[in-house]
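Subject: Structure handover

Hello,

Here is the structure I said I would pass on. My notes on what was found in it follow below.

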Amino acid sequence: MSADISARQPKGIPAGGQFAATVHGEPAVALPAQPPVTQEQFSALMTEELAVKIDASLKGRIRGKDWYSGSRVDQVFEAELDDEGGLSVYTRQPSSDEGVTYAISMADGTARITLNDDYNTGVKPRDLHPELWTGPDDAVREISHVILDMEGGVTEAAASRGETPDGFASDAEYRRWKER
């Protein structure tokens with residue numbers, strides 16, 4: 001019996017069958033670019049309803065060490081409209097009055113989230129894409145995703161400095177963030 005085991009492939013049939021790569025031209029169709037969102041349109045998207053949905057989306061997703069009891073507790077998130085046509089999302093430990101604010105605003109035609117925190121000054125603002133939002137659920141999904149990503153970055157930075165970082169509500173939440 002021969003020890004040579006090779007794949008049997010009929011001549012003229014590409015390896016991979018119907019899933020084999022084939023040469024083809026690119027389609028001549030181009031998708032139109034989304035028009036940019038104006039300041040007025042962005043401000044109209046920032047509503048009390050959106051603030052409530054963002055709060056609900058973030059609730060229970062980030063955990064931290066309570067400064068007083070030392071136990072692990074859920075971060076508190078409170079979103080509210082600001083005076084410039086945007087939103088502010090304030091996050092803190094339940095037993096503390098101190099926390100950080102994520103400012104969701106539009107300036108110079110770009111919507112972004114900026115972390116306002118005296119201790120983590122190196123966190124860069126993140127751009128948002130309101131032109132892709134088809135409704136409040138898309139806005140909540142993107143804003144929550146970016147805030148969780150920024151919270152994760154703050155957690156990683158604290159851990160790299162040897163500090164006890166705030167963390168995600170579960171190991172699964174942390175793994176999902178880390179795998180992105």
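Aspartate 127 is partly exposed, with a relative accessible area of 40%. In this predicted model, aspartate 127 forms a salt bridge with arginine 112, and the closest N and O atoms are 3.1 Å apart. Aspartate 127 belongs to strand β7 and arginine 112 to strand β6, so the pair ties together parts that are 15 residues apart in sequence. Arginine 112 is also partly exposed, at a relative accessible area of 29%.

Is aspartate 149 buried or exposed? Aspartate 149 counts as buried, because its relative accessibility is 19% and the cut-off for buried is under 20%. Arginine 126 is partly exposed, with a relative accessible area of 28%.

The structure holds five salt bridges. Another of them joins the side chains of lysine 53 and aspartate 137, at 3.4 Å from N to O. Lysine 53 lies in helix α2 and aspartate 137 in helix α3, so parts that are 84 residues apart in sequence are tied together by the pair. Both ends are partly exposed: lysine 53 has a relative accessible area of 28%, and aspartate 137 has a relative accessibility of 47%. Glu49 joins in too, as Glu49, Lys53 and Asp137 are linked in a network of salt bridges.

Five strands form an open sheet, in the order β3-β4-β5-β6-β7, with antiparallel pairing. Which strands stand at the edges? They are β3 (76–81) and β7 (126–127); each has a single partner strand, so one side of each is left without a neighbour in the sheet. Helix α2 (residues 48–58) packs on the sheet and touches β3 and β4 (87–92). The direction of α2 makes about 170 degrees with that of β3.

Two of the strand pairs can be followed residue by residue.

- β3 and β4 are antiparallel and pair over six bridges. Glutamate 80 stands opposite serine 88 in β4. The two strands form a hairpin with five residues between them, and glycine 85 in the turn has a positive phi of about 85 degrees.
- β5 (residues 99–107) and β6 (residues 110–116) run antiparallel and are joined by seven bridges. Threonine 101 stands opposite asparagine 116 in β6.

The loop between β5 and β6 contains aspartate 108. Phi of aspartate 108 is near 55 degrees, a positive value in a residue other than glycine. For context, most residues other than glycine have a negative phi. Aspartate 108 is exposed, with a relative accessible area of 82%.

Now helix α2 itself. Which residues of α2 are buried? They are Leu50, Ala51, Ile54 and Leu58. These four cover an arc of only 100 degrees around the axis, which puts them on the same side of α2. The face turned away from that buried side carries the exposed residues Val52 and Ala56. After α2 comes glycine 60, which has a positive phi near 80 degrees.

In general, nonpolar side chains tend to be buried together in soluble globular proteins.

Valine 89 shows how these parts come together. Leaving aside neighbours within four places in sequence, the contacts of valine 89 include Ile54, Leu58, Phe77, Ala79, Ile104 and Ile147.

Regards

Technical notes: Residues numbered from 1 in each chain as written. Predicted model: local features only at pLDDT ≥ 70, side-chain atom pairs only at ≥ 80, totals over all residues. Heavy atoms only, no water. Pairing = 2+ DSSP bridges. Contact = heavy atoms within 4.5 Å. Axes fitted to C-alpha atoms, helices over the stretch in contact; angles between N-to-C directions. Salt bridge = Lys/Arg side-chain N within 4 Å of Asp/Glu carboxyl O. Buried < 20%, exposed > 50% of the residue type's maximum accessible area, 1.4 Å probe, protein only. Arc of directions from axis to C-beta.
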